[in-house]
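Biologist: I am new to this protein. Please walk me through the model, one point at a time.

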Amino acid sequence: MDQQIEKEVQSLINTLGFCENGVYYQEPDCFQNVRDLIRHLRRDDRYFSVRRLCNSHNIVKSDLVPIMKSESTSDELFDASLRLAVNLCQPTLTIFENKIPDDASEWKIYYEIENYLNRTLVAFTDPEIFVQFARKMNKYFDKDWEERQEKERLLVERILVLLRCVFSIGVEGIATSDPSSSDNSIKSRIIAGFFTSGIEKIFAKLAGDSLENEFSPYILAILALIFKNLDPKAIAYEGEADLQQKSKEEFEKEQSNAIQAIKLEEEKQRKANRRNFLSGSVVVKE
C-alpha cells in the first residue's frame, strides 16, 4: 500500500469516534470518514491492504456496530456504516472472486483476512444490534406500498446481506482451522440474539406474503447458514434431554395424581364409615 494512502486510512480510522462507558461518541467528521473509508475500499489494491488495515483494527466491533446501535445516529450515518460493515464482512472467498489462492503469499493473505473475520464475530454477540436491525426493517415493512421509498428498501436489503455475511463466517469457504469451543459459544450467542430480536417474526411474516418474495432468497440463505452453524449432536442431545425432562415431569404428575386420588378415596371412605356409625338406631330401655 502506498504510504500516503496508509496514513490517510489510518487517520480516518482513528477519527471515527470512541466508546466510553458503553456510549459511543462520534467525532465531528465521522460520517465523512466512513464514506472515505468506503471509497478507499472500492479502490483497494490486489493485496487488499485497506481491508486488512481496517479489519486489523476491528472497526466493525469498535466503531461500526456501536454507531448502528446508537439511538442518536442519523439515518445517513447508519446507512453509510451499514455499507462499510457489509463490505468488511464479505466472505474471504468472495473477495478472492471464488478462486483458490495460487501461491503462499496469497494463502497468507487469505488466512489473515479469515482470522480478522473470526474476530469480527464478537461484535454481533450484543443482541441490541439485531434489535436495531429489526426496528429498521419493521419501519419499512409496516408502511403501505405507495409510501415505501427505494432507499429504505436498499437499507433492508443491506441488513439482510450483512446478516448473511455474519452467519457465513467460519461456515462457507475454505476451512482455515477447526472451530474451538469459544467460537461455538460466540456463534450460539449471535444466534440467540438473532432469534430474540424480532427479526425471526419479520421473516415468518415475509415467508407468508407472496408480495414480499423478493426477499425470500436472503431469508432462505440466512436460515440455512444459521442451521449450518448449529451442531447436530448438540441439537439431538438437547432434544433428548427435553424429552427425558418431559417424561420425568409426566411421571411425577401421574404419580402426584395417583397419590391425590388415593387420598380422596380414603377421605371418602372415612366419611362413609362415619355416616354408617351415626345412622344406626339406638334403643333406650326403661
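Modeller: The buried residues of α3 are S49, V50, R51, L53, C54 and N55. Buried means under 20% relative accessible area, exposed over 50%, and partly exposed in between, with a 1.4 Å probe and protein chains only. Helices (H or I, at least four residues) and strands (E, at least two) are DSSP runs, numbered from the N terminus. This is a predicted model: local features need pLDDT of at least 70, side-chain atom pairs count only at pLDDT 80 or more, and totals for chains, interfaces and linings use all residues. Residues are numbered from 1 along each chain as its sequence is written, and side-chain values use heavy atoms, leaving out hydrogens and water.

Biologist: How many residues of α3 are buried?

Modeller: Helix α3 is mostly covered. The cover over its buried residues includes α1 (3-14), α2 (30-42), α4 (59-69), α5, α6 (92-95) and α7. The count of buried residues in α3 is 6 of 8.

Biologist: At what angle do the axes of α3 and α7 cross?

Modeller: Axes are lines fitted to C-alpha atoms, for helices over the stretch in contact, and angles run from 0 to 180 degrees between N-to-C directions. R51, R52, N55 and S56 in α3 meet I109, E112, I113, Y116 and R119 in α7, where contact means heavy atoms within 4.5 Å. The axes come within 10 Å, and they cross at roughly 35°.

Biologist: Which residues does I113 contact, beyond four places in sequence?

Modeller: I113 lies in helix α7 (residues 104-120). I113 is buried, because its relative accessible area is 1%. I113 and F48 are 65 residues apart in sequence, yet 8.9 Å apart in space, C-alpha to C-alpha. The contacts of I113 are F48, R51, R52, T92, I95 and F96.

Biologist: Which residues have the most contacts inside the largest nonpolar core?

Modeller: A nonpolar core is a set of buried Ala, Val, Leu, Ile, Met, Phe, Trp, Tyr and Cys residues joined through side-chain atoms within 4.5 Å. The largest one has 62 residues. Its largest share, 9 residues, comes from α9. The residues with the most contacts inside it are F124, F133 and L162.

Biologist: How many residues are in the second, separate core?

Modeller: This core includes F48, F96, Y110 and I113. Its size is 7 residues.

Biologist: How many disulfides does the structure hold?

Modeller: C89 is buried, at 1% relative accessible area. C54 counts as buried too, at 0%. The number of disulfides in the structure is 0.

Conventions. Disulfide = S-S within 2.5 Å.
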